[in-house]
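Here's a quick tour for anyone meeting this chain for the first time. Take a look at the model, then read on.

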Amino acid sequence: MTVEYVLLIALFVYLILGAMTSTPMKTFEDYGPRLGARVEKQIITGDGFTTQNKGIKWQ
């Protein structure tokens, strides 16, 4: 009975760790260029650097 529990826990951990490590990498590979373009646009235009209209106003 103990062997079955150990195998089930090992399988569960393997699946969870696999999902937790592959999903962020896949997401970043897919949407990294879009994120980079967005950050670059904000740097060029000066938009998106304030929170709730507080802080430095870029002119």
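What follows covers the fold, the helix and the surface. This is a predicted model, with local features needing pLDDT of at least 70, side-chain atom pairs counting only at pLDDT 80 or more, and totals for chains, interfaces and linings using all residues. Residues are numbered from 1 along each chain as its sequence is written, and side-chain values use heavy atoms, with hydrogens and water left out.

**Fold**
- You'll find 1 helix and 0 strands here (DSSP runs: H or I of at least four residues for helices, E of at least two for strands, numbered from the N terminus).

**Helix**
- Helix α1 covers residues 2–45, and I9 is found in it.

**Surface**
- I9 counts as exposed because its relative accessibility is 54%.

Conventions:
Buried means under 20% relative accessible area, exposed over 50%, partly exposed in between (1.4 Å probe, protein chains only).
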